[in-house]
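Subject: Structure handover

Hello,

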Amino acid sequence: MNQRLLTWGEEGAPPVLLLHCSLAHGGAWKRVARRLADRAHLVAPDLVGHGEGPPGDPARDYHDQVTDQARALLTERPAHVVGHSFGATVALRLAIEAPERVASLTMIEPVLFAAAPDSPGKRANARTLSRMGPMIARGETREAARQFLSVWGGGEPFDEMPADQAAYMADRMWVVAAQHAALHHDAARLLPRLGRVRCPSLLLEGSTSPPVIGRILDTLERGLADTRRLSIEGAGHMAPITHAAEVAAAIGGLLDRVRV
């Protein structure tokens, strides 16, 4: 499988696998990874359809494809697996399906909407996302990206982004549509299998994130046997970029607790 892998830290140090959010790439982790490079060997791939990652196969479930890619990067030595947003749902799946190879699990704002109970906020988010499918099918990817990032972005309006960054995101809006079954209907059956997670886990959220994130974490917190939950004051959904120091400190605390 041809793919780009970004690495930080010395080989032989405790391994950390970093899985980025939708519309990003492995480089999104650089601010976090640089703060942990003196204590771990960190690897961040460009996930399927992103950056220089493998192209997506429209005949296969997207969550399956990314999980296969990430699983292939796990070594015999158990790794600390860290995921953000969509990447966090893949990290959870690795901990469920390959527990002997995952030393710890960190989920930052996992967007497993199926885990949230019904609420006005969840329904509003679902309506926003459901509008994007037809837009993407019609080729209106810039408008779809504009709406998506108004809820799940880092605070910078789409129309104020550098042209190349905006184009990159618009060109990858098909990924958001391809994730729908896994995130909204739990097609990967993550929720019924939470009890299979053996490792210590960490749940991170931003204090200003959409309320649906808190409801998702409520469900995960109840279902995971050994977990801690932290809120990063002032952060939104893109905390690994906007609040890298706080995210790195939280992950570092878990690395200290779980030695490999």
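Helices α2 (residues 62-71) and α3 (residues 86-97) pack at an angle of about 65 degrees, and their axes are 10 Å apart. Bear in mind that this is a predicted model. The crossing of α2 and α3 is right-handed. On the α2 side, the contact uses Tyr62, His63, Asp64, Val66, Thr67, Ala70 and Arg71. On the α3 side, Phe86, Thr89, Val90, Arg93, Leu94 and Glu97 take part. By class, this contact of α2 with α3 has 6 nonpolar, 3 polar and 4 charged residues.

Next, α4 and α5. The angle between α4 and α5 is about 160 degrees, with 8 Å between the axes. Angles over 145 degrees count as roughly antiparallel, so α4 and α5 are roughly antiparallel to each other. Their crossing is left-handed. From α4, the residues in contact are Asn125, Thr128, Leu129, Arg131, Met132, Met135 and Ile136. They meet Thr141, Glu143, Ala144, Gln147, Phe148, Val151 and Trp152 of α5.

Thr141, Arg142, Ala145 and Leu149 make the contact from α5. Ala166, Met169 and Ala170 make it from α6. The contact of α5 with α6 has 5 nonpolar residues, 1 polar and 1 charged.

What is the volume of the largest pocket? It is about 780 Å³. The largest pocket is lined by 38 residues, and the closest to its centre are Cys21, Ser22, Leu23, Met169 and Met238. Met169 is also part of the contact of α5 with α6. Several helices supply at least two residues each to this lining: α1 (30-36), α4 (120-137), α5, α6, α7 (173-178), α8 (180-185) and α10 (239-242). The largest share comes from α4, with 5 residues. By class, the lining of the largest pocket divides into 20 nonpolar, 15 polar and 3 charged residues.

The second largest pocket holds about 220 Å³ of space. Its lining has 14 residues, and Pro15, His41, Val43, Leu73 and Thr75 are the closest to the centre. Strands β2 (15-19) and β3 (41-45) are the elements that give two or more residues to this lining. Which element gives the most to the lining of the second largest pocket? That is β2, with 3 residues. The class count for the second largest pocket is 9 nonpolar, 3 polar and 2 charged.

How many cavities of 30 Å³ or more does a search of the whole structure find? It finds 1. About 50 Å³ of space lies in the largest cavity. Its lining is His20, Cys21, Ala28, Trp29, His84, Met238, Pro240 and Ile241. Of these, 6 are nonpolar, 2 are polar and none is charged.

Best wishes

How values were computed:
Residues numbered from 1 in each chain as written. Predicted model: local features only at pLDDT ≥ 70, side-chain atom pairs only at ≥ 80, totals over all residues. Heavy atoms only, no water. Contact = heavy atoms within 4.5 Å. Helix = DSSP H or I, 4+ residues; strand = E, 2+ residues; numbered from the N terminus. Nonpolar A, V, L, I, M, F, W, Y, C, P; charged D, E, K, R; others polar. 1 Å grid on protein atoms, 1.4 Å probe; cavity = no way out; pocket = protein on both sides within 12 Å on 5 of 7 lines; lining within 4 Å. Points joined across faces, edges and corners; volume = space filled by probe spheres on them. Axes fitted to C-alpha atoms, helices over the stretch in contact; angles between N-to-C directions. Left-handed = near helix turned anticlockwise from the far one by under 90°. Parallel < 35°, antiparallel > 145°, perpendicular 65-115°, else oblique.
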